[in-house]
Amino acid sequence: MSILAPWLALLLVIAFVSYHRFSLAVFAAIGGSALVACALLGASSASVIAAAVVLALIVLPLLITPIRQRFITAPLLGFYSKILPPLSDTEKVALEAGTVGFEGELFSGKPDWKTLLSQPKPELTAEEKAFLDGPVETVCGMVNDWETTHVHADLTPEVWDYLKVNKFFGMIIPKEYGGLGFSAYAHSRVIMKLASVSATLSSTVGVPNSLGPGELLLHYGTKEQKDYYLPRLADGREVPCFGLTGPTAGSDATSIPDFGIVCKGEWEGANVLGVRLNFEKRYITLAPVASIVGLAFRLYDPDALLSDQKDRGITLALIPRNVKGMSIGRRHFPLNCVFQNGPIYGKDVFVPLSQLIGGEDYVGQGWRMLVECLSIGRSITLPSTSSGAAKLAAVVSGAYARIRKQFGLSIGRFEGVEEALARIAGNAYASSALSQSTAAAVDRGEKPAVPSAIAKYHCTEMAREVAKDAMDIHGGKGVILGPRNYLGRGWQAAPISITVEGANIMTRSLMIFGQGAIRCHPWVLKEMQAAQLADPVQRLKQFDANLFGHIGFAFSNAVRSLFMGLTNSRFGAAPTSGVTQRCYRKLNRYSANLALVADTSMLLLGGKLKFKESLSGRLGDVLSQLYIASAMLKRFEDEGRPASDEALMAYAFNECVFKIERALSGALRNFPIRPAAYLLWLLVFPFGRRAQEPSDRLAHRAAAMLMSPSDARDRLADGVFLTPCANNPAGRINAALVKVILAEPVERKFQKALKNADIEALSFAEQLDEGVREGWISSDERKQLEELRELTWDAITVDDFDHSELIAASALKGKAFDQAA
């Protein structure tokens with residue numbers, strides 16, 4: 001045998017062991033066995049001995065713990081301590097607040113797909129389903145969004161009363177306190193359906209069930225606070241809001257200037273210990289109608305009335321609306337979306353310590369409380385709102401594109417419109433799966449900090465893209481506001497979801513990867529915690545174990561990235577066969593790519609990575625698309641792998657894969673340390689980028705699904721309000737689709753006969769009369785064409801107004817005053 005055989009064998013063993021992540025001891029055993037085999041097969045004795053010496057020099061120092069710790073780990077620990085990025089107390093709280101779910105597998109480089117598929121399919125209870133089919137359906141039918149936004153600038157009193165009586169504000173409050181006690185999944189489904197009717201309606205219901213007094217009291221409130229407030233919040237006697245954002249501290253909530261001073265003051269006729277507050281908040285949803293205000297502020301104790309610590313940190317309080325010194329300002333007007341929103345001011349507002357959420361035990365714990373609750377609320381309200389809007393736009397755009405004709409063809413037959421319809425279908429499918437995934441995570445008891453940021457960012461971004469494409473397809477129908485318009489207000493409101501609960505720019509560039517790289521990584525957080533241990537013996541011991549686990553992890557991901565890149569993901573573990581097998585294998589590759597590039601970035605850039613927002617944003621995109629693709633696969637499997645969904649699933653999955661490779665490519669092309677970038681490129685893209693955007697064939701199939709009734713279309717539309725009532729033009733257009741399709745053969749036959757007869761100058765009724773007389777159509781077919789004309793006109797007609805109808809009420813009052821004067 002060649003003298004190279006032992007070296008090739010050793011190299012193959014290294015690759016094999018690294019790919020499968022066997023231990024160092026196993027590597028030594030397999031490597032030694034391979035060298036023995038080479039010797040027995042006639043390899044050069046000198047080369048076998050040389051290879052054995054190299055193997056021993058590598059393995060023995062690493063296997064003998066005292067040698068490894070003294071000569072390798074200790075110096076690396078010193079170096080690591082220097083490059084460890086400094087973390088503020090608020091960053092530490094944010095990192096420790098959430099839990100890690102399947103997103104941790106995606107950062108592992110070797111996801112355990114059985115873990116994902118073993119998670120229970122989210123289901124509604126009979127009670128939850130009855131609520132959706134009953135009160136939710138009813139209130140959707142009560143809301144006329146044009147009147148809400150243009151006439152009343154609010155929900156009607158009847159709708160407000162209905163929401164309170166039916167406990168819409170108490171969905172997350174347990175039954176023992178008079179609430180509905182719904183699951184997070186049911187909560188999500190309710191918000192999704194409401195959002196398909198009116199953004200004002202979904203916001204009004206979503207906020208009390210998201211970050212606010214209700215959720216904070218559930219997790220941290222004292223028994224007295226829970227017993228008093230939760231029943232009142234559940235039945236609507238109290239309408240809550242929560243004041244966090246201020247003029248100078250928006251996303252930077254930890255720098256809020258609002259403060260409270262511990263002191264004594266009068267409360268309900270008694271002199272008690274409490275807090276005197278000064279604050280200014282804005283953008284506070286439900287503030288104009290709130291009866292109880294939750295407030296975040298920094299608490300100071302200069303006279304040491306509670307402890308020797310003067311700055312007690314961020315604290316939360318509940319303030320009744322009528323308390324002296326607090327005023328709720330006039331309403332904000334967010335992009336013509338009229339959910340109640342406005343500023344709150346406080347000057348020397350005194351409340352007793354009993355009004356602090358959680359009482360004295362939770363003084364200074366406000367930031368942790370907010371972060372934990374934000375991860376839950378962000379998982380549901382905004383993703384489900386965006387998903388509801390996207391799903392409605394998808395099915396109605398498909399129906400409209402089939403009904404609306406230009407040049408004698410349904411506009412959906414034109415490839416340009418097909419492209420837009422396919423994007424809408426893919427985004428609606430992805431956002432629906434993502435929204436469902438994060439809600440299910442909450443129901444499993446998780447606090448999904450990273451997935452909630454992914455869901456908030458990507459669901460709202462996808463909804464914005466859907467709104468843009470839907471407006472493009474509808475043209476003037478989407479532009480002209482009025483009772484018949486079901487897109488315009490959603491188009492106006494799209495930036496609101498993108499802005500609130502952490503602006504999307506910040507969410508992408510700082511939160512997703514910033515938290516994900518530490519929280520989801522199997523070793524980084526453990527290394528950071530080990531390096532900060534006070535006991536030097538334990539510090540070295542634990543850092544050693546985590547460090548070499550991390551080194552093996554990184555080497556494995558390099559090997560896995562290269563192998564799967566060379567084979568184009570055609571091999572590897574997958575939990576299923578058939579149409580999804582290749583999908584799982586591709587995600588295995590990109591998981592290894594992400595872990596490899598993230599590790600390299602953290603090692604070479606250290607604390608500077610925190611300020612490389614473009615790089616961290618792109619790596620966050622990779623993690624996000626991995627999570628979205630996983631959510632879609634889980635949904636596809638949960639629904640029984642329906643064949644009619646395959647084209648839609650393939651379109652959305654290919655879009656994810658294309659975005660993953662684009663993000664990885666962008667990260668490597670702009671990586672600041674060029675030699676490392678070149679090496680990473682060879683490991684990640686040995687044959688260059690291979691992923692392409694979805695093909696025209698897939699786009700055609702996805703678009704066709706939206707324009708024809710099918711079980712796939714019904715699944716995509718599931719959960720949105722499509723009842724064809726007077727106040728729901730979208731529902732009427734969707735309901736018309738079946739009749740329009742049935743009438744198309746008759747319409748084609750009639751149009752052909754008209755063209756040959758040359759009587760097009762007659763009115764439509766006269767043309768029909770002629771058609772019946774000439775035998776082109778029967779009497780029943782005439783009725784069918786008359787109904788088709790009515791349905792078409794209902795779909796394409798837009799509103800017009802008298803000038804006086806569009807003048808603001810304030811202008812009319814001013815004019816009347818001038819005339820009277």
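Which residues are linked with Arg484 in a network of salt bridges? In this predicted model, the partners are Arg732 and Asp794, so that Arg484, Arg732 and Asp794 make up one network. Side chains of opposite charge can pair when their charged atoms come close. Across the model, the count comes to 30 salt bridges, and a few pairs are worth a walk-through.

Take Asp258 and Lys281 to begin with. Their side chains meet in a salt bridge, with N to O at 2.7 Å. This pair ties together distant parts of the chain, 23 residues apart: Asp258 sits in the loop between strand E1 (240–243) and strand E2 (259–267), while Lys281 belongs to strand E3 (residues 270–285). Asp258 counts as buried because its relative accessibility is 4%, under the 20% cut-off. Lys281 comes out at 0%, so this residue counts as buried too.

Then there is Lys405, which forms a salt bridge with Glu747, the closest N and O atoms lying 3.5 Å apart. Lys405 is partly exposed at 25% relative accessibility, whereas Glu747, at 17%, counts as buried.

A local case turns up in helix H18 (residues 449–474), which holds both Lys468 and Glu465, three residues apart, or about one turn of the helix. The two form a salt bridge whose closest N and O atoms are 3.2 Å apart. Lys468 has a relative accessibility of 41% and so counts as partly exposed; Glu465, with a relative accessible area of 31%, is partly exposed as well.

Definitions and conventions: Residues are numbered from 1 along each chain as its sequence is written. This is a predicted model: local features need pLDDT of at least 70, side-chain atom pairs count only at pLDDT 80 or more; totals for chains, interfaces and linings use all residues. Side-chain values use heavy atoms; hydrogens and water are left out. A salt bridge is a side-chain nitrogen of Lys or Arg within 4 Å of a carboxyl oxygen of Asp or Glu. Helices (H or I, at least four residues) and strands (E, at least two) are DSSP runs, numbered from the N terminus. Buried means under 20% relative accessible area, exposed over 50%, partly exposed in between (1.4 Å probe, protein chains only).
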